[in-house]
Amino acid sequence: MIDSSFVQQVNALSEQTVELCYHCHKCTAGCPVALEMEYGPDRILRLIQLGEKERVLTSSDIWLCASCETCGTRCPNEINIAEVMDGLRAIALAEGYPTPEPNAPVFHNLFLGIIGRMGRMHEASLMGLYKLKTLDLTADMDSGIRMFLKGKIPLLPHKVKKMDEVKRIFRETGG
Amino acid sequence: MELNYYPGCSATSTGQEYDRSVRAVFKVLGVELHELDDWNCCGASSAHSTNRALAAALPARNLAIAQRSGLDMLAPCAACYSRHKAADHILRHDPQKRGRIEEQVGFSYTGQVHVRPPVDVVLTDIGLDKVRARVTKPLKGLKVVSYYGCLLVRPPEIAEFDDPEHPVMMDQLLLALGADVKSWSYATDCCGGGLNLTKSSVAVRLVGRLTDFAREAGAEALVTACPLCQVSLEMRQAGNGPKMPVVYFTELMGLAFGLEGTDGWWGKHLIDPRPWLFGILDIGC
């Protein structure tokens, strides 16, 4: 289904002008993850222009983007495509689109949950919760244990003292 | 010289050797670092991937704390640097959003504090002459490539660091330490650090590409300025072949300066760089 207002929605959220893209493919040529993507950045921009909201928001591409900013740095029309990808992820989450890459939103949600409670990252909590949520219990056990033994994954968290200030930021920004 | 110091979350975990080496080398170079009181996480990729307002407000609280002394803020982690620079860019150039962020965080932005990456401070403020004068154990014969990664250089209007496609500042610094710095074309190619946990197969492919090209350039190790790259580059070297050490530029500075305690840094690495370092340098552990 075509949603002709989609391009405006994306432009407003990402503060970019997606219509400026004339498909020179420079972004996709330099994209480090284009190989794994379904469309690649320039075709994502084209699909937005065409109002293909569902195809874009259910695509793995928006979660495979590594936010390396190579695309936007090279875009001759100065579209910051990484910002567009951020906007697409935010819309996909807010409107509940299913994703073929569920681990990424799970990770972001857990990450921000810890920051909202403690103000700083606590890797041991993040890793534990992420494993429970994704049921990927064995992945990276070897390097995880080695890092733990080297004291790089502390058990005790470092908490921000004035957590009321951090909580206020989360509240005010809808985080 | 005095600076505010923003360690970032990795300083107490996966990037401990970066934090320790930054503190040690800045001390001997005469820069006093004041750790930001009660700093919070910058929100990293998770905030900007999902909530733009939060992604600007979290770093803004740290900038508000830094404003109390008014000193520029050193942010060694390239990701933290990028997030604070992005927030500062909004606060500096967008009055409407500035008003909103000021309300959310409860402060008044002065623009006095500039966020700085350590490579830039070493080259611009301290100067390579002072670095050279401190070198007691030149890194002669250490074949390395500089790896800048993404967030230190991109997007250029935010990062305001060197050239986004062909940065040279870290190369100049390593040359001043006496290292044999190889030139290569992949210094700013992404390592997939942002997908390290959520899509590790991509990180494995990108890291493999970087180590292959580094070897092709004649290097025996990668030198980085980002703790997220460093973890990804060490964790995601696949296969049973020899692994390439990945060290921070500040660790090599400490080594060249002959500082005590560098052994504690090397011991933190998943790929121990000591066999490589001490097979070449005649300086013992």
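Predicted model: local features only at pLDDT ≥ 70, side-chain atom pairs only at ≥ 80, totals over all residues.
1. Now turn to chain A. How many helices and strands does chain A have? There are eleven helices and zero strands. Followed along the sequence, the pattern of chain A reads α-α-α-α-α-α-α-α-α-α-α. Its C-alpha trace spans about 50 × 40 × 30 Å along the principal axes. Of the 175 residues in chain A, 38% count as buried. Contacts between residues at least 6 apart in sequence are also worth a look: in chain A, 65% of them join residues at least 24 apart.

2. Chain A is divided into two parts, domain 1 (6-94) and domain 2 (103-173). Taken over C-alpha atoms, the centres of these two domains of chain A are separated by 28 Å.

3. Next, the overall form of chain B. Its C-alpha atoms fill a box of roughly 55 × 45 × 30 Å, taken along the principal axes. A compact globule of 285 residues would have a radius of gyration near 19 Å, and chain B agrees because its own value is 19 Å. Of the 285 residues of chain B, 59% count as buried. Among the contacts in chain B with a separation of 6 or more, 78% come from residues 24 or more positions apart.

4. Chain B also has two assigned domains: domain 1 covers 2-116 and domain 2 covers 135-280. Their C-alpha centres lie 24 Å apart. Across the boundary, 21 residues of domain 1 of chain B are in contact with 23 residues of domain 2 of chain B. On the domain 1 side, the elements giving two or more residues are helix 1 (16-28) and helix 4 (78-93) of chain B. Helix 1 of chain B provides the largest share of that side, nine residues. By class, the domain 1 side that touches domain 2 of chain B has ten nonpolar, eight polar and three charged residues.

5. Where do the two chains meet? Here, 48 residues of chain A are in contact with 42 residues of chain B. Several helices of chain A each supply at least two residues to the side touching chain B, namely helix 6 (70-74), helix 7 (81-94), helix 8 (103-118), helix 9 (123-134), helix 10 (141-149) and helix 11 (163-173). The largest share, seven residues, comes from helix 8 of chain A. The residues on this side of chain A divide into 21 nonpolar, 13 polar and 14 charged.

6. From helix 3 of chain B, A55(B), A56(B), P59(B), A60(B), N62(B) and L63(B) meet R83(B), H84(B), A87(B), D88(B), I90(B) and L91(B) in helix 4 of chain B. This contact has eight nonpolar, two polar and two charged residues.

7. Is helix 12 (residues 249-256) of chain B mostly covered or uncovered? It is mostly covered, with eight of its eight residues buried. Those residues are F249(B), T250(B), E251(B), L252(B), M253(B), G254(B), L255(B) and A256(B). They pack against helix 1, helix 6 (118-126), helix 9 (169-176), strand 7 (221-224), strand 8 (246-248) and helix 13 (262-266) of chain B. After helix 12 of chain B comes G258(B), which has a positive phi, near 70°.

8. Finally, a single residue. Q230(B) is found in helix 11 (residues 227-235) of chain B. Why does Q230(B) count as buried? The reason is that Q230(B) has 29 C-beta neighbours inside 10 Å, and the cut-off for a buried residue is 20 or more. Leaving aside neighbours within four places in sequence, Q230(B) is in contact with G15(B), T224(B), V246(B) and Y248(B). As for A87(B), its C-alpha atom and that of Q230(B) are separated by 24 Å, and the two residues are 143 residues apart along the chain.

Note on methods: Residues numbered from 1 in each chain as written. Chains lettered and ligands numbered in written order. Contact = placed C-beta atoms within 7 Å. Helix = DSSP H or I, 4+ residues; strand = E, 2+ residues; numbered from the N terminus. Nonpolar A, V, L, I, M, F, W, Y, C, P; charged D, E, K, R; others polar. Domains from an automatic or database assignment. Rg over C-alpha atoms; globule rule 2.2 N^0.38 Å. Buried ≥ 20, exposed ≤ 12 C-beta atoms within 10 Å, placed from the backbone.
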